[in-house]
Each structure stands twice: as C-alpha cells, then as structure tokens.
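Please look over the structure below. A few questions and answers on its rings follow.

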Amino acid sequence: MDDIVKQAMAKWPNVPHAYGWLGLDARGNWWLRDELAQAAGAFASGAPGAKGALVRLEKLVDFIQRNYAADEAGQWFFQNGPQRVFVELEVAPWVWRVAPDGTVTGHDGQAARVREVLVDELGRVFLRTDRGFGLVHTQDMALVADEVEAGRWAPRPVRAADLPAREGYVPSPHSNSRSKPQ
C-alpha cells in the first residue's frame with residue numbers, strides 16, 4: 001500500500017466505505033461505476049451499461065492495483081486514501097496471465113506461483129496461487145493447454161457456484177455487510 005494512502009488513513013480514520021463504484025472484470029480491467037451504471041444492474045449481470053466506464057488512465061490503474069487488498073471477510077477493496085472502495089468482481093479477485101514459459105502473473109503484473117488448477121463446468125480455468133485465487137485470462141487458454149499436456153498442471157473439476165465460499169471471497173460486497181470503517 002502506498003505511504004500516502006497510509007498517511008491519509010491515519011489522518012482520517014472514520015471515512016465511510018464506498019460500495020458499487022468500482023469493478024474488476026474477467027479480463028483484469030477496472031471499471032468506474034457511477035449512479036447510472038449501478039442503476040443499470042449488477043456489475044456481473046451483463047446488462048447494457050452496468051459495467052460503467054473502463055478505466056484507461058495507466059497511472060490510475062497502477063494506483064488502484066498497488067492499493068488493492070481484501071479484508072478479513074473476503075471482500076476485495078481499493079484503499080483510496082482514507083476511503084475503502086469495495087470492488088465488484090465479475091468472476092474472481094485475480095485475473096491471471098500465463099506466459100509461454102508457464103510463468104503466471106496477476107492483472108497487476110506481479111508474479112505468482114501456481115498451487116492448484118481448477119476448471120469449472122463452463123470450461124473456465126482458475127488458479128490458486130501463492131498470491132490468491134483467480135481466473136485465467138481467456139486469451140491464455142492455449143498456454144494452459146500446453147501446461148496440462150506437458151503434465152505440469154492437472155486441473156481438478158469444481159462448480160463455479162461453490163468458488164466464492166470455497167476460496168473465501170465475496171463477489172459483490174454490500175453496504176449492509178459485516179465490514180465497518182477502521
């Protein structure tokens with residue numbers, strides 16, 4: 001977490017949390033969700049306009065990713081100065097990229113080590129890593145197949161509906177949750 005964020009948290013410790021305003025899609029893109037986007041439907045609903053506006057500013061994306069974490073209840077958030085902005089997850093808290101040499105990085109560009117490979121009933125591949133749980137980017141499925149064929153990865157089946165509870169994350173935090181300002 002950035003030092004400036006830690007300083008703001010210490011200076012203003014009781015800023016209310018924000019819900020519904022930020023989303024992470026299945027490709028590792030960040031979306032700002034204004035009131036119109038939120039009114040259009042849930043982030044993961046697929047409803048037109050529900051995702052909001054794609055964050056395109058590289059420095060803002062980097063700032064979000066450096067200050068992205070989870071609380072004890074498995075709710076992922078972006079610590080924006082003193083305000084915790086809870087993240088709507090389209091699928092999972094991480095989106096993993098697989099390189100031709102089999103190395104894995106998160107949507108934040110940081111390396112991860114694979115601990116387990118799972119595949120759901122839709123054919124989506126998920127990785128449990130030393131950094132957490134997430135979905136493999138769809139563009140990297142051929143590279144996943146290479147790892148499986150080489151015997152380095154052995155996917156186990158899993159039901160998509162079981163993943164949040166099994167892996168300890170909350171896809172859509174709400175303001176009536178257990179999380180309180182710290």
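**Aromatic contacts**

Q: Are Tyr68 and Trp76 buried or exposed?
A: The cut-offs are under 20% relative accessible area for buried, over 50% for exposed and partly exposed in between (1.4 Å probe, protein chains only). Trp76 has a relative accessible area of 12%. Tyr68 and Trp76 are both buried.

Q: On what model and numbering does this rest?
A: Residues are numbered from 1 along each chain as its sequence is written, and side-chain values use heavy atoms, without hydrogens and water. Local features need pLDDT of at least 70, side-chain atom pairs count only at pLDDT 80 or more, totals for chains, interfaces and linings use all residues, and the model is predicted.

Q: Which kind of aromatic pair do Trp76 and Trp94 form?
A: Rings of Phe, Tyr and Trp (its six-membered ring) pair if their centres lie within 6.5 Å; planes under 30 degrees apart are stacked, over 60 edge-to-face, the rest tilted. Trp76 and Trp94 are 5.7 Å apart centre to centre, with 80 degrees between the planes. The pair is edge-to-face.

Q: How many residues apart in sequence are the parts that Trp76 and Trp94 tie together?
A: Strands are DSSP runs of at least two residues, numbered from the N terminus. Trp76 lies in strand E5 (residues 76–80) and Trp94 in strand E7 (residues 94–98). The parts so tied are apart by 18 residues.

Q: Which charged residue sits over the ring of Trp94?
A: The test asks for NZ of Lys or CZ of Arg within 6 Å of the ring centre and within 35 degrees of the ring normal. Here the charged end is 4.5 Å from the centre of the Trp94 ring. The residue is Arg131.

Notes. Helices (H or I, at least four residues) and strands (E, at least two) are DSSP runs, numbered from the N terminus.
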